[in-house]
Amino acid sequence: MKFSLYLGKYSGIKVFIHWTFSLLLLWIIISNVRSGTPWIDTGWTIIFVLLIFICVILHEFGHALTAQRYGIQTRDIILLPIGGLARLEKLPEDPKQELKVAIAGPLVNVVLFLLLSIVVSLTGFDLNLLEEAKLNGNSIWLFLASANLFLALFNLLPAFPMDGGRVLRALLSTGMPRIKATEIAGGIGQLMAIAFVFFGLFNNPVLVLIGIFIFLGAQAEVNQTKQSSFLEGYKVGDVLMRKFPILAFDAPLQKAVDKLLEGQAVHFVVVKEDTPIGILSREGIVLGLQQGDRQTPVEKVADQKPLKLEISLPLQDAFKKMTSENKKVALVYEANHFLGILDQENISEFIMVKNALAQ
Ligand SMILES: [Zn+2]
């Protein structure tokens with residue numbers, strides 16, 4: 001993850017914090033200084049924000065660890081000033097699993113709320129603390145408990161792709177095709193997003209940002225689900241390309257440039273003794289040229305960790321893997337025997353054709 005600070009990992013899931021988070025802290029400090037707030041109060045506010053973000057990390061682990069139980073890995077958890085994001089490899093398609101993964105995050109906040117409520121009741125509950133609205137060693141647990149209750153409720157709003165929207169999609173999917181359920185949940189999500197933006201304009205700029213994210217996120221996921229549904233029932237073998245351009249591992253970069261310019265090929269399989277060892281893309285060639293030497297062997301600039309797929313893999317899974325790992329081309333095998341390549345562009349064409357036929 002670029003521009004992010006690595007915090008640590010648990011259960012194989014790395015946690016990063018985005019650099020813009022420092023802007024949030026800076027904004028708190030500057031606005032407090034400008035309003036003449038005593039430093040001690042600013043300190044409490046920052047401690048409070050950091051504690052909330054720990055709760056947000058725990059919320060995201062709720063999603064990630066539940067997904068892990070269904071064999072779905074999480075690439076990482078990233079913290080942004082407007083919230084956290086667990087980047088799951090894929091989403092469970094079984095409605096029951098999706099429901100559990102989606103609800104696990106808000107449930108973590110409910111548990112935190114209950115635990116913090118116990119702390120508050122032990123330290124002496126005093127409603128005046130909330131009315132005073134002043135953060136200090138006495139009131140912080142009460143504020144943190146309230147914040148967790150708010151986080152649970154806010155995330156459960158049916159604003160797809162927020163957690164509540166996913167719960168809604170999962171519930172709808174039990175009675176209708178997933179694509180239809182996604183369209184309905186996405187529509188409701190976008191309506192709520194517009195409401196967030198409108199309300200936020202007058203009250204809270206963060207809500208405007210969240211609204212925009214939800215609106216775009218809903219759109220993207222509806223499209224993705226639509227595309228994926230066209231691939232249903234097909235396997236990697238159905239779109240396999242058995243003819244593809246190759247380059248010897250020790251060929252100079254200049255040779256790749258020549259081939260790129262003379263034909264339509266934009267990706268090359270780099271081979272060594274008839275075995276593919278990597279993939280050289282147009283981007284890789286350009287990068288190699290920028291670094292200077294046209295005589296560099298292509299092996300040096302090729303992607304030496306190409307994605308390898310089995311020919312019998314469902315096309316949907318292959319497409320998701322390629323997009324999530326950002327690989328334009330994958331090598332296709334049948335029981336360790338190399339057969340050909342799978343090209344993202346080819347899959348997109350396949351989707352376009354299916355889409356045209358469906359209309
Ligand atoms: Zn969540």
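**Close-up views of a predicted model**

View 1. Along the chain, the donors of the zinc ion follow the pattern H-x3-H-x99-D. His63 sits in helix H2 (residues 39–69) and Asp163 in helix H6 (residues 163–173), so the pair ties together parts 100 residues apart in sequence. Helices (H or I, at least four residues) and strands (E, at least two) are DSSP runs, numbered from the N terminus. This is a predicted model: local features need pLDDT of at least 70, side-chain atom pairs count only at pLDDT 80 or more, and totals for chains, interfaces and linings use all residues. Residues are numbered from 1 along each chain as its sequence is written, and side-chain values use heavy atoms, without hydrogens and water.

**View 2. Zinc site geometry.** The protein donors are His59 (NE2), His63 (NE2), Asp163 (OD) and Asp163 (OD), 2.0 to 2.7 Å from the zinc ion. Donors are N, O and S atoms within 2.8 Å of the metal (3.2 Å for Na, K and Ca); water is not among the atoms, so sites may look incomplete. Angles among the four donor atoms run from 53 to 149°. His63 counts as buried at 7% relative accessibility. Asp163 is also buried, at 9%. Buried means under 20% relative accessible area, exposed over 50%, partly exposed in between (1.4 Å probe, protein chains only).

**View 3. Leu23 in helix H1.** Leu23 lies in helix H1 (residues 20–34). Its relative accessible area is 42%, so Leu23 is partly exposed.

View 4. An unreviewed UniProt entry lists residues 240–296 as "domain: CBS". Over residues 240–296, the chain is 33% helix and 28% strand. The end C-alpha atoms are 30 Å apart.

Methods: UniProt positions are given in the numbering used here, feature names are shortened, and annotations may be inferred rather than shown by experiment. Four donors count as tetrahedral if all angles lie between 85 and 135 degrees; four count as square planar and six as octahedral if opposite donors are over 155 degrees apart and all others between 65 and 115; anything else is irregular.
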